[in-house]
Every structure is written in C-alpha cells, then in structure tokens.
Amino acid sequence: MDKPRVLIPRGEIEKKVAELADELRRDYQDKHPILIGILKGSFVFMSDLIRKLNIPVEIDFVRLSSYGSGKETSGKIKLAQGVKTPIRGRHVLVIEDIVDTGLTVRFLFDSLGRRKPASLKLCTLLDKPSRRVVDVPIDYLGFTVPDAFIVGYGLDFDEKFRYLPDVCVLEEQK
Ligand code: IMP
C-alpha cells in the first residue's frame, strides 16, 4: 500500500490561498467573473479560494477525464460534464488542482475559447512542469511541485486520499 508523506502542510496552503485571493480580488473586483472548477480534484481548493476572495462570483464546474485509474495519463481527454453557464462576453477563470502534461487545460481552453468569453485565465494550485507535453499559460499559481504523484487537498489516487488536509506525495512502501 502506498503511503502519503506531507509535502506542503495545511498552514502553508492556507497562506498561499489567501495570497492568491488577494491578487484575484484586485484583478476581478468589478468584473463579476465566472469561476469554472475542473472536477473532481479542484473542489477543495475552489471552496477555500472563493471564501477568501470575498467578491461576487458565479461558479460552475466541468468534468474531464484523462486518468482512468492509476498514475499515468491516457492522453485522451473526454468531456464528461460540460459548462452550462453562458460565458460569451464574461470573464472566465478556470480553477485547476494540478497542471501535469497540460493536455486537460489545453482541451478545456480550446473548447471554452470558442464560446468567446471576454477573458479566459487559469488559476492552479499546483504545477508539475517536468511532465509538460503542451504549453499552457498559468496566470495564477500556488506551488510548483516535483515529478511525483501528489494526493490530498482534493487530489486522489484511485479515489483515495482526497480528504487529507495537506498536499502529500504518494510514496511506495517497500
Ligand atoms: P494533465 O492533463 O496531464 O495536465 O492532468 C491534469 C489532471 O490529471 C489533473 O486535473 C488531475 O486530476 C490529474 N493529475 C495529474 N497529476 C496528478 C497527481 O500528481 N496527482 C493526482 N492527480 C493528478
């Protein structure tokens, strides 16, 4: 059984989320943005973020799948649940848990971009740049992480470990 080891403790996450919220508040104060969370992993980050933001926002969610199960991406992105909110002419901020190969965000940005939002930006808690396949611009970033499998604070491995309050690395038990 793999064992999670703390990489970013909850206190550091809380501080970073508050900093990101300050930055976003300055940028989106009068824009009434739509925040679109990528399910399932971003739900913990997004719920902490919107409560610190303290400006009027609309929220929606999208569900995409690339990881069937296990730690390797299949590379094929499927849209399992699309965005229902009309986004034409609106300021859209996508909320992601982790950018790995970049394929998920690239797929979503291509599809949302065609719907002509006023602006389309990305806020991700984590970035794993070592495995990037396609270039994606990250507008707001929490932490850069090493090439390891991350769980906790919403992120899972086969639906396990999402509930952990810290960002952890999954280590193989010998
Ligand atoms: P990408 O398309 O390769 O950038 O992968 C993005 C998605 O894969 C994220 O939304 C996560 O759901 C998942 N993912 C990528 N790396 C990890 C990880 O280290 N732990 C848990 N999920 C991950």
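1. An oxygen atom of the ligand lies 3.1 Å from an N or O atom in the side chain of D97. This is a predicted model in which local features need pLDDT of at least 70 and side-chain atom pairs count only at pLDDT 80 or more, while totals for chains, interfaces and linings use all residues. Residues are numbered from 1 along each chain as its sequence is written, and side-chain values use heavy atoms, with hydrogens and water left out.

2. For E96, the distance from a side-chain N or O atom to an oxygen atom of the ligand is 2.9 Å. The side chain of T104 likewise has an N or O atom 2.5 Å from a ligand oxygen. On its own the ligand has 480 Å² of accessible area, of which the protein covers 91% (Shrake-Rupley method, 1.4 Å probe).

3. Two or more residues of the shell come from each of strand 5 (91-99) and helix 3 (103-113); strand 5 contributes the most, with four residues. Helices (H or I, at least four residues) and strands (E, at least two) are DSSP runs, numbered from the N terminus.

4. By class, the shell holds eight nonpolar, three polar and five charged residues. Here Ala, Val, Leu, Ile, Met, Phe, Trp, Tyr, Cys and Pro count as nonpolar, Asp, Glu, Lys and Arg as charged, and the others, Gly among them, as polar.

5. R131 sits in the loop between strand 6 (119-127) and strand 7 (140-144). Its C-alpha atom is separated by 21 Å from that of P4, 127 residues away along the chain.

Note on methods
A polar contact is a pair of N or O atoms within 3.5 Å; within protein, one must be able to donate a hydrogen and the other to accept it, and residues adjacent in sequence count only if both atoms are side-chain atoms.
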